[in-house]
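Q: Please take me through this structure, starting with the terms used for helix packing.

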Amino acid sequence: MEYVLAQVGIAVFAMSGVLSATRQRLDIFSIVVVGLLTAVGGGTLRDVILDVPVFWLVDLTTFWVAMAASFTTFIGIRFILKLPPRLLSYLDAMGVALFSIQAIDQTLALGYPAAVAVLMGLMTSIAGGIVRDVVTNRPTLLLSREFYATPILLGGILYVLLIQLLPYPVIRLMAMGAIFAMRAIAIRWQLCLPLRLTLKIDFGEENH
Amino acid sequence: MEYVLAQVGIAVFAMSGVLSATRQRLDIFSIVVVGLLTAVGGGTLRDVILDVPVFWLVDLTTFWVAMAASFTTFIGIRFILKLPPRLLSYLDAMGVALFSIQAIDQTLALGYPAAVAVLMGLMTSIAGGIVRDVVTNRPTLLLSREFYATPILLGGILYVLLIQLLPYPVIRLMAMGAIFAMRAIAIRWQLCLPLRLTLKIDFGEENH
Amino acid sequence: MEYVLAQVGIAVFAMSGVLSATRQRLDIFSIVVVGLLTAVGGGTLRDVILDVPVFWLVDLTTFWVAMAASFTTFIGIRFILKLPPRLLSYLDAMGVALFSIQAIDQTLALGYPAAVAVLMGLMTSIAGGIVRDVVTNRPTLLLSREFYATPILLGGILYVLLIQLLPYPVIRLMAMGAIFAMRAIAIRWQLCLPLRLTLKIDFGEENH
């Protein structure tokens with residue numbers, strides 16, 4: 001079940017990469033490369049930093065799912081654009097919820113403390129999207145005020161706090177559900193963080 | 001022979017980095033850094049993902065060639081700009097043909113399936129150029145419609161399909177030749193992919 | 001003593017990330033992510049390339065210092081903006097001097113030659129800042145003519161040249177002092193490299 005959800009998540013990430021790449025006129029091969037980068041970028045970075053084998057080299061299904069999803073999105077773009085845009089956002093929220101909790105599990109299993117695990121969960125979920133934005137020359141999602149990283153962080157913190165207190169499958173589902181619910185609410189009502197939790201300063205001169 | 005060609009390829013990659021960096025006013029050290037990044041970026045990423053020792057730490061010749069090529073290009077820029085621009089493009093095509101096939105060999109030798117090997121071949125040839133474009137603030141080559149990634153992919157697919165059928169040195173030379181020939185034709189007649197293999201969509205609102 | 005200085009350096013890098021991120025309106029979580037990336041990005045890249053355990057996974061103090069510095073900067077931004085801007089630059093210069101020499105030591109200890117060590121020293125000091133600039137959509141520091149990379153390179157070269165001739169602690173302090181002094185002079189008098197060590201070319205057409 002979870003394995004199937006993970007593949008759906010990968011496919012949705014690849015789709016989001018393809019959709020993002022189509023804002024500029026790209027050819028099919030560049031588009032597929034952007035789709036792959038988006039789908040596996042975050043997990044690749046996590047595995048390289050943790051020095052474990054890269055996940056899509058271990059289980060090639062992920063690789064093929066990302067590839068197939070990218071091609072299918074390119075070919076079936078007319079159909080996909082007819083889907084309600086929020087459907088993709090909800091699927092993306094599901095992928096994000098799943099991947100961040102899985103990354104936390106993996107990091108904890110390697111013996112790292114909870115704070116590192118939460119960070120790895122965040123990185124796994126968002127790094128692919130950041131790479132996608134960088135190579136397609138768009139402002140990265142870090143620059144958006146959308147309520148995107150916050151649910152992942154809050155859900156991850158909830159998870160590592162309660163993991164000892166509640167039975168493993170319960171807290172796991174609860175944390176994933178919490179991340180998904182926060183994202184879904186943000187998507188439905190287009191929420192973003194209150195202004196007082198943001199910061200913008202005008203500098204007169206450049207500094208580092 | 002192939003070793004010499006590989007060093008020429010590295011030198012040309014470094015040169016292309018330096019030439020790309022000179023569009024903005026950079027100092028000599030930044031220019032050399034961009035040259036090095038371009039020359040060894042793709043292979044470094046490949047080795048890190050495959051978890052093998054990084055190639056330019058194993059054989060330092062590559063490192064020195066990239067360094068020397070960057071410095072020489074900076075110093076001899078007046079001479080290099082007098083060369084026909086296509087000469088550099090042809091040398092780049094040669095490097096790309098060589099490095100992608102070498103990366104495919106290396107990935108296959110580690111036991112990975114053909115599709116992963118083709119992807120690694122592509123990544124090795126283009127990641128350095130993408131990093132170059134990102135750090136010098138230019139649209140990445142993924143955003144160009146030039147016939148650049150496609151020859152590498154087609155040549156790589158040809159190679160892994162026929163590698164069992166033909167003697168190793170023959171198919172190897174043939175695949176490299178095919179990539180070089182496709183790139184050379186694209187350079188000579190400034191080809192790009194037909195519009196129906198590209199995609200551009202105008203979105204009303206932002207989404208991920 | 002050096003350990004404390006290293007933590008101060010990490011904190012200043014995180015601060016510089018946060019200050020850089022506040023040019024656009026970011027929320028607190030994105031800002032902390034940018035702070036962390038800036039603080040540990042360079043060292044992470046170095047460790048991944050050298051294939052040694054990533055430093056902030058080995059000693060979590062660094063991770064916490066970077067995290068705390070990012071949060072504190074966000075919360076205490078009014079106070080920090082009242083500090084003389086050059087104070088931050090001087091602290092950054094200190095961090096850069098320390099981290100580059102430490103990276104050189106680490107690379108030499110792994111048996112790599114001096115040139116690779118100097119490059120690793122440079123990479124460790126500047127990669128975090130480059131990643132910071134890329135994700136916040138600003139021109140990277142490679143594109144600035146400021147006298148930033150040059151002191152690190154010159155100090156690193158001085159260090160590896162004299163490391164055999166002088167007692168270790170003496171040459172170490174001397175090299176760090178030289179890097180810091182060059183940066184401090186550049187900050188104080190806003191020096192940049194002479195124009196004849198820079199290069200800018202107008203190209204009529206695109207090439208790679």
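A: Angles between axes count as roughly parallel under 35 degrees, roughly antiparallel over 145, roughly perpendicular from 65 to 115, and otherwise oblique. This is a predicted model, in which local features need pLDDT of at least 70 and side-chain atom pairs count only at pLDDT 80 or more, while totals for chains, interfaces and linings use all residues. Residues are numbered from 1 along each chain as its sequence is written, and chains are lettered from A and ligands numbered from 1 in the order in which they are written.

Q: How do H6(C) and H8(C) pack, then?

A: Their axes lie 10 Å apart at an angle of about 40° (lines fitted to C-alpha atoms, for helices over the stretch in contact, with angles from 0 to 180 degrees between N-to-C directions). H6(C) and H8(C) are therefore oblique to each other. The helices are DSSP runs of H or I with at least four residues, and strands are E runs of at least two, numbered from the N terminus.

Q: Which residues make that contact of H6(C) and H8(C)?

A: H6(C) supplies Val96(C), Ala97(C), Ser100(C), Ile101(C) and Ile104(C), and H8(C) supplies Ile152(C), Gly155(C), Gly156(C), Tyr159(C) and Val160(C). Contact requires C-beta atoms, placed from the backbone, within 7 Å. Seven of these residues are nonpolar, three are polar and none is charged (nonpolar: Ala, Val, Leu, Ile, Met, Phe, Trp, Tyr, Cys and Pro; charged: Asp, Glu, Lys and Arg; polar: the others, Gly among them).

Q: And at what angle do H6(C) and H7(C) cross?

A: The axes of H6(C) and H7(C) cross at roughly 140° and come within 8 Å. H6(C) is thus oblique to H7(C). Val96(C), Phe99(C) and Thr107(C) are among the residues that H6(C) contributes, and Val116(C), Met120(C) and Ser125(C) are among those from H7(C). This contact has 11 nonpolar and five polar residues, with no charged ones.

Q: Changing topic: how many residues does chain C give to its contact with chain A?

A: Chain C gives 32 residues, and chain A gives 26. H2(C) contributes the most to the chain C side, with eight residues. By class, that side comprises 19 nonpolar, nine polar and four charged residues.

Q: What about the contact of chain C with chain B?

A: Here 26 residues of chain C meet 33 residues of chain B. On the chain C side, H2, H7, helix H8 (149-162) and strand E2 (198-199) each give two or more residues. H7(C) has the largest share, with four residues. The chain C side divides into 18 nonpolar, five polar and three charged residues.

Key
Two residues are in contact if their C-beta atoms, placed from the backbone, lie within 7 Å.
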